[in-house]
Amino acid sequence: MVGLIGRLWNLPYKSIVKEASGKTLAVTKFFCVLHITNTYLCTFALAYGPSMIPTFNLTGDMFLAERLSIKFGKVGPGDIVLLRSPESPRKVMVKRLLGLESHSVTYVVDPMNSDRCDTIVVPKGHVWVEGDNIYNSRDSRQFGPVPYSLLEGRVFCKIWPPKEFGSLMKSGMKDPDL
Amino acid sequence: MLPTLNLTGDVVLAEHVSHRIGKVGRGDLVLVRSPVDPRRILTKRVVGMEGDTVCFYVDPMYSQTTVVPKGHVWIQGDNTYASSDSRHFGPLPYGLIQGKVFFRVWPPDGFGTLEQ
């Protein structure tokens, strides 16, 4: 008992505290860099759901999305984008951008039941997004054009599953006969 | 936003936590990104949350009632005669809210919390 107290008394507390705070600082710095990178440069995300078949699978593909293009206004039609859902503010969805402001977009209103097409001019400050799988996708055809500020990132590379690793093709205009 | 905020510019403090945890409600002053110009941030008051029925004057004779859809808010400026807000561009998605204003720093005689 006395030996334990003696040992406790003689510990080099100064250097322990110094080392601990040094390591904590390093870890904090690492998380800060990670947070900044995640928020302003590049993030990775997992997408699940049927709305982007065949580009993304039903059960979840992981991909990298970068945030700089959105901030500098360098996204264009054909890009896959991450956007905050206008209906559920906590959800982030992945869709393909089809039209910027003042573009005229033609879309199939209800592909399961009819072939009727509608054309709309995207208002100022908004974008039109659609899923690749128009038969099962909740997108601008249901909730209308989305304000540009809801865009969060542009997807540029798929990283999981490994056999589908690689950059994603930028699709051209969608086939209107689909 | 007269009379709450001055014409020539007030400096206010806004916090970024409330809108992430869903604590933005009716009567709050919020910073929102303009749906018409993505580079601008506006300061307006939240008048209606999702599901509320909002009644507003389109012109002095004619008033209109709308229900705020899911995931959206209805914002209006305090100076209804000279404000471009939800009466013009419709309900705003909640995701466009950037922060909640809670304190005024400048001018010094307006220092203090802002009325809700």
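1. Residues 61–106 of chain B are 9% helix and 50% strand, with 38 Å between the end C-alpha atoms. The model is predicted. This stretch is one of two parts of chain B, the other being residues 1–59, to which UniProt, in an unreviewed entry, assigns the feature "domain: Peptidase S26".

2. The largest pocket has a volume of about 1,500 Å³. Its lining counts 44 residues, and those closest to the pocket centre come from both chains: A:Ser149, A:Leu151 and A:Glu152, together with B:Arg33 and B:Gln98.

3. Which elements give two or more residues to the lining of the largest pocket? In chain A they are helix H2 (13–41), helix H3 (68–72), strand S7 (126–130) and strand S9 (151–160). In chain B they are strand S6 (72–76) and strand S8 (97–106). By residue class, the lining holds 17 nonpolar, 13 polar and 14 charged residues.

4. Over all chains the structure holds 13 salt bridges.

5. Are A:Arg84 and A:Glu152 buried or partly exposed? A:Arg84 has a relative accessible area of 23% and is therefore partly exposed. A:Glu152 also has a relative accessible area of 23%, so it is partly exposed. The cut-off matters here, because buried means under 20%.

6. A second salt bridge in chain A joins A:Arg96 and A:Asp132, whose closest N and O atoms are 2.8 Å apart.

7. In chain B, B:Arg87 and B:Asp85 form a salt bridge, with 3.0 Å between the closest N and O atoms. B:Arg87 is buried, as is B:Asp85. Both residue numbers fall in the 61–106 part of the UniProt feature.

8. Salt bridges with shared partners also occur in chain A, where A:Glu66, A:Asp79 and A:Arg154 are joined into one network.

How values were computed: Residues are numbered from 1 along each chain as its sequence is written. Chains are lettered from A and ligands numbered from 1 in the order in which they are written. This is a predicted model: local features need pLDDT of at least 70, side-chain atom pairs count only at pLDDT 80 or more; totals for chains, interfaces and linings use all residues. Side-chain values use heavy atoms; hydrogens and water are left out. On a 1 Å grid over the protein atoms alone, a cavity is a set of points where a 1.4 Å probe fits but cannot get out, and a pocket is an open set with protein on both sides within 12 Å along at least five of seven lines; lining residues have an atom within 4 Å of a point. Grid points are joined across faces, edges and corners, and a volume is the space filled by probe spheres set on the points. Helices (H or I, at least four residues) and strands (E, at least two) are DSSP runs, numbered from the N terminus. Ala, Val, Leu, Ile, Met, Phe, Trp, Tyr, Cys and Pro count as nonpolar, Asp, Glu, Lys and Arg as charged, and the others, Gly among them, as polar. A salt bridge is a side-chain nitrogen of Lys or Arg within 4 Å of a carboxyl oxygen of Asp or Glu. Buried means under 20% relative accessible area, exposed over 50%, partly exposed in between (1.4 Å probe, protein chains only). UniProt positions are given in the numbering used here, feature names are shortened, and annotations may be inferred rather than shown by experiment.
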